[in-house]
Amino acid sequence: MPFSNERQDLPRNTARVMHGLGLIVLLLAPLALGGCSMFSSKEDEAMAAITAAAPKPCPTVGVLAGADQITVFNGAGHELSDVVLKATIDKAAISCEYDVDDNTISVDIAFNGSAEMGPAATDSEMNLKGFMAVTHVDDKQISKVTYDIPLNFDKGTRQIRFLKSIEDTVVPYGGAVVNGSVYEMLVGFQVTQQQLDYNRKMSSESSK
């Protein structure tokens with residue numbers, strides 16, 4: 001099944017099915033735990049219902065090292081006076097919803113960070129490029145999307161906080177993919193090789 005960032009409406013009966021399954025668990029669990037021989041034939045059904053109704057894990061989420069910060073220069077040089085913008089991603093959070101009918105997981109991600117105008121900034125409205133990559137536990141990249149991170153600085157303000165959300169990324173599960181724990185979602189700024197090298201240089205100097 002292809003990956004997409006488009007919203008897929010869930011079947012209307014999904015919530016009803018899950019609610020009914022929860023009731024089945026409540027009804028069957030005492031039978032499985034009671035040990036009465038007359039109900040022993042129901043134990044497998046009860047355990048299957050409990051397993052099916054248990055919360056399923058979301059993919060893990062993280063900020064890719066090296067792409068968690070970005071420094072934009074004006075093109076004249078790489079001195080402090082040439083800095084247009086500096087930004088950092090602090091942390092990311094994730095939520096997900098399983099569609100048991102379609103065997104898919106709909107994932108929402110949000111992350112926050114801070115941005116600061118540099119001495120070379122000439123505009124209070126700027127835009128950065130970010131990305132989200134879906135990877136497998138074996139480190140294989142499955143898909144990647146880029147998006148805008150708009151930054152608006154109020155008059156007289158040179159530092160701001162920002163929040164970005166990426167909604168309705170759909171990934172499959174079932175078969176070889178048992179649940180969402182086999183996936184990792186990584187976010188970061190879409191940095192150039194030069195910007196990545198600069199980040200590594202600054203990180204190395206700060207650790208000395």
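This is a predicted model: local features need pLDDT of at least 70, side-chain atom pairs count only at pLDDT 80 or more; totals for chains, interfaces and linings use all residues.

I began with contacts (heavy atoms within 4.5 Å). Of those in the chain between residues at least 6 apart in sequence, 70% join residues at least 24 apart.

Residues are numbered from 1 along each chain as its sequence is written, and side-chain values use heavy atoms, with hydrogens and water left out.

Next I listed the secondary structure, taken as DSSP runs numbered from the N terminus (helices: H or I, at least four residues; strands: E, at least two). I found three helices and eight strands, and along the sequence they follow α-α-β-β-β-β-β-β-β-β-α.

Then I turned to pairing, which requires at least two DSSP bridges between two strands. Four strands form an open, antiparallel sheet in the order E2-E3-E4-E7. Strand E2 (69-73) and strand E7 (159-172) are its edges, each pairing on one side only. I also noted the twist, which averages 25° from one strand to the next (axes are lines fitted to C-alpha atoms, and angles run from 0 to 180 degrees between N-to-C directions).

How many bridges join E3 and E4? I get 14, with residues 83-99 antiparallel to residues 104-117. Within this topic, I looked up Cys-96, and its bridge partner in E4 is Val-107.

Last, I checked the surface. Buried residues (under 20% relative accessible area, 1.4 Å probe, protein chains only) make up 34% of the 208 in the chain. The accessible surface (Shrake-Rupley method, 1.4 Å probe) comes to about 12700 Å², and 53% of that belongs to carbon and sulfur atoms.

Note on methods. Buried means under 20% relative accessible area, exposed over 50%, partly exposed in between (1.4 Å probe, protein chains only).
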